[in-house]
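This report covers one chain and the interface that chain forms with a second one.

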Amino acid sequence: MENSAILSMNTISKYFPGVRALSQVNFSLHKGEIHALMGQNGAGKSTLIKIMTGVYQPDSGYITLRGEKIKVESPEHAQTLGIATVYQEVNLCPNLTVAENLLLGREPRNRFGIAWKRLFTDARALLKEKLDLDLDTTKPLGTYSLAIQQMIAIARSLCVSSEILILDEPTSSLDEAEVERLFKILHKLKNEGMAILFITHFIDQVYAVSDRITVLRNGEYIGTSEASALSKLDLISMMVGKDPAELAASSTRREIKLTLGTEELLKTEGLGRTGYLKPITVTLKKGEVLGLAGLLGSGRTETAKLIFGAERALEGRLFQKGIEINLTAPRDAIMMGMGFCPEDRKTEGLIGDLSIRENIILALQAKQGILRYLPRKTQEEIANQFIQELGIKTPDMEKPVKTLSGGNQQKVLLARWLATQPAILILDEPTRGIDVAAKAEILQRIIQLRNQGISILFISSELEEVAAISDRVAIFRDKKKIAEVEGKDINEHTIMRLIAQEELENAIQN
Amino acid sequence: MQFKTKRLQESTLFWPFMVLVLLLLINAFLTRGFFTIEWKDGRFSGILVDILNRSTYIGIIAIGLTLVISTGGIDISVGSVVAISGAIAAYLIGGELVLQGDQQILVTRTPMGVAIVAALAASLLLGMWNGLLVSRLRIQPIVATLILMVAGRGIAQLVTNGQIITIYYKPYYFIGNGTLLGIPFSIYILLAVLILVILATRRTALGLFFESIGVNRTASRYSGIQEQRIVFWSYAFCAFCAGVSGLLVSSNVKSADGNNAGDLFELDAILAVVIGGTSLNGGKFNLAGSILGAIIIQTLTTTIYSIGVPPQVNLVIKSIVVFLVSMLQSENFRALFQLNHKNKLIRSAV
C-alpha cells in the first residue's frame, strides 16, 4: 500500500444551531486502501462525509487533495474533483433500465435523440470493465437485487474518472452473500488504486474488508489505526468511551446510594416484537437508575419505546406495581406516570416552532386534557420555575425552542416531563451532542431525581456515563438483553467486555 | 413612533391588510358608488355589504380549513361538500306546488329543520371519512381528500339527479338572503362560527395541540397528545363548515347545482388561509387572518367584475394579485427589496 494521502481533512470543525457536529477532526485517506470510518450515531461520520463531498462547508479547517488545498463547493464539484459518493439509500430510479440509470444525463446521442442501442452496449461494457458484472442492461433496475442496485450505484458514481469512492453504509440492507459480492468489488477497485472510504455499523464487516480504521466520537477525532493492530475490544472502547484503565475511580457515587426501595415499579416479561426486539425481561425498582448499555441498534431504544408505548409490543407483558398494563399509545404510559426523552430531540422531542413555555407545559397540559387549560399565568410560573431550576439559558421564554442550544433544548425536554411529576423517566441519550458542562449538569440532575425517588431508565452510548450513574445496568446486543450487572460490577470494562462478547469467548478459548 | 410602525409591519396581517386597502382604493376610483351604503327596505345595501355577504361562503370554510392546515394537513374536498350539502338540503325541502281548493300551496318533502340538520350531518360524516383516511390510515391528506373531491361531485349529482334543483320554499331563502337588524344573516352565522372556534381553540388547550401537531406530530404523540383524535375531528369540523357554506350558497341562489356549486371553493379557501398568515407547513394559525383572506378574495372577485375586466382574463388578474400578496408576505422577498433600498441609500450617500 502506498502511503501517500490522496485526501486529507485537517482540523475540521462544524457547528449546527445547538449542536457541535465536528470539532478539530483530522482524517486522511490513502491511495489503494479501504478505510473504515467508525463511530456511534451522532459521532459526526455523516457530517464529515458531507463536508468531504461539498454538501456542507466546514466552519474551520481545510481539505487537501493530492497535496493541494482545495475547497469543495458542491457535490457536483466533488465529482469533478474525482470524489464519488454512494449514499445509504440507493438514489436510482427502479423503473428505468439499468443502462439509463447508469448513464442518466450523459446518454450517447444521435440525431434522433438518445442512441438506445449504443446506450445499452456502452452500459454493459462499462459494468463489465469496472465491476466485472455482466448484466442485461435493458432490464429495469428494479428487477435486480438490492446488492446489484447498490453496485450499479457505485458504477454510476465511478463513471467520471474518480479516484476516491465514499460509501455510506452500503451494506445496511444487504444479506450476507450480497455483502460478500460487494466486498469483492471493493477489493478489485482497491487493487486498481482507488481510495475507498467506508462507513458501517457492523464491526465484523469492518475487519473483513478494511485496511485502516478511524474512529470518531461525539464530533471528535479519537484515532486511526491499522485494522490488524486494533482488537475489537479496543475498537469498541474507542467508540464508546475512554480507556477502561482510566476508569477505576467511579465509585464516589456509590457512597450517596440510598437505601433502595425494593418495590418493583415496572416489570416487563418477555416484552418484544418480532423483527424489532427480541423478548426482554427487565425490572425497574423505585428510586433507581437502570442503565441500558449496548451499541447502536442493540435494542436499547427499542426497549424504551415498547415500555413507553411509542411502539406496540406484540408479545410479552408489562406490569406496573405488579398489575398488568396494556399500552396502546404513549398517552397511556404518561397517564401512569411515565415520561420519555427520546433519542432524537429534533424529530421526536421538541416542537421546534413553539415557544419554550409551550414546550415545557405540553405534556402536563396533555395529561390534564383539552378542557382544563392551564391559565397563562400558571404556564409562565411553571416555565419560569424550570428555567431557573434547570438553568435553561434564554432571555425570553416566548422564544421558539429551536433557537436554543442543544444542552438547553435537552433541559427543556427534561422540564416537560418533570412538570408532570413522573414516577418513571426514560431518558434515551440525554447527553448526546451537547457540551461537556451541560452534560455534567444533566447527569447530576438525574442523580438528584433518583434520590428524590424517581425511577430512571437511562440509555447512553457512552459507557462511562452509564457506569457512573446506574445502580444496575442491562446490557444489550443484537436486539436482546444479554446480561445484567449490579453494584460493584458496574464499570466500563465489564460492560464493554460483555458487549464484545465474541472477543470474550475467543479469549476463553485461547 | 418608528418602533410602533415596525411592530405593525411585522404583524402577519399587516401586508394582507394593506392589499385590501389598496383594492378598496382602486375601486373607489373605478367604481362609482362603491362605498355607498344605503338603507333600503329595512336593510343595508351596497357593494360593500354584498362583498361581505359573499365572502362568508369562503370565510366559513376557511375557518375549518385553518384548523386542518394548522395540523399540517389540507382538505381539497370542501368544494364538493358544499355541493353535496346544498343538494341534500334542496332535495329534502324540494317540494311541489299543490292545489288546495283554488290556492296553490307549496308542500315540502320534509320540514326545513330536518333538511338543514340532514345536510349538516351528511357533511360531518363526509368529514369523518376524510379524518379516518388521514388520521387512522395515514393517507396523505391531499390524496385522501382528493378522493372525496372527485367522488363528492358524483354524489351531489346523484342527489340532484343530474339536474339543478330549484328551491321554491321561501323561508329557506332567509339563510343566504335574509337580514337581521339590517345586516345579512350570513354574517351572523360566520361570526358565530368564528367566535365559537376562537373560544374553543384559545380558551382550551385545543389551539396549542393543533399547533403542536402541525409542527411535530411524533413529538406531540410522545407528549401525550391524542393526535389521531384531534386530526380526525379537524377534518370532520372542516367538512361541517363546508356544509354550512353549502346551505348559504344554495339559499342565496335558491337552487342546488351538483356540478357547479362550490366549484373551486377549495382553492379560494386555501388561498384565504394562506393569505391570512397560516403556513401550509402547519403550526401557528390565525383565524381572523383567514377571514381577512376571504374578504380580500371576494373583494378581488367583485372588483374584477365591477370594473369590467373581460371574463377571460379574470383568473389571470386574480392570480397576479394572489402572487403579489404571497410575495409581500415572504420575508425573503421583502428583505430583497429592503436590501436594495439600503444599498441605494449607501450609494447615494457616497
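Which side chains meet in a salt bridge (N to O)? In this predicted model, the partners are Lys284(B) and Glu358(A), at 3.4 Å from N to O; a salt bridge is a Lys or Arg side-chain nitrogen within 4 Å of an Asp or Glu carboxyl oxygen. The count between chain A and chain B is 1 salt bridge. On the side of chain A that touches chain B, helix 13 of chain A gives the most, with 6 residues; helices (H or I, at least four residues) and strands (E, at least two) are DSSP runs numbered from the N terminus.

The table lists the interface values. Contact means heavy atoms within 4.5 Å, and buried area is the accessible area (1.4 Å probe) that two parts lose on being put together, summed over both.

| Interface item | Value |
|---|---|
| Residues of chain A in contact with chain B | 31 residues |
| Residues of chain B in contact with chain A | 22 residues |
| Area buried between chain A and chain B | about 2,000 Å² |

Chain B has 15 helices and 8 strands. Of its 350 residues, 49% count as buried, that is, under 20% relative accessible area with a 1.4 Å probe, protein chains only. Val313(B), in helix 14 (residues 311-329) of chain B, is partly exposed at 34% relative accessible area, a class that lies between buried and exposed (over 50%).

Residues are numbered from 1 along each chain as written, and chains are lettered from A and ligands numbered from 1 in written order. Local features need pLDDT of at least 70, side-chain atom pairs count only at pLDDT 80 or more, totals for chains, interfaces and linings use all residues, and side-chain values use heavy atoms, leaving out hydrogens and water.
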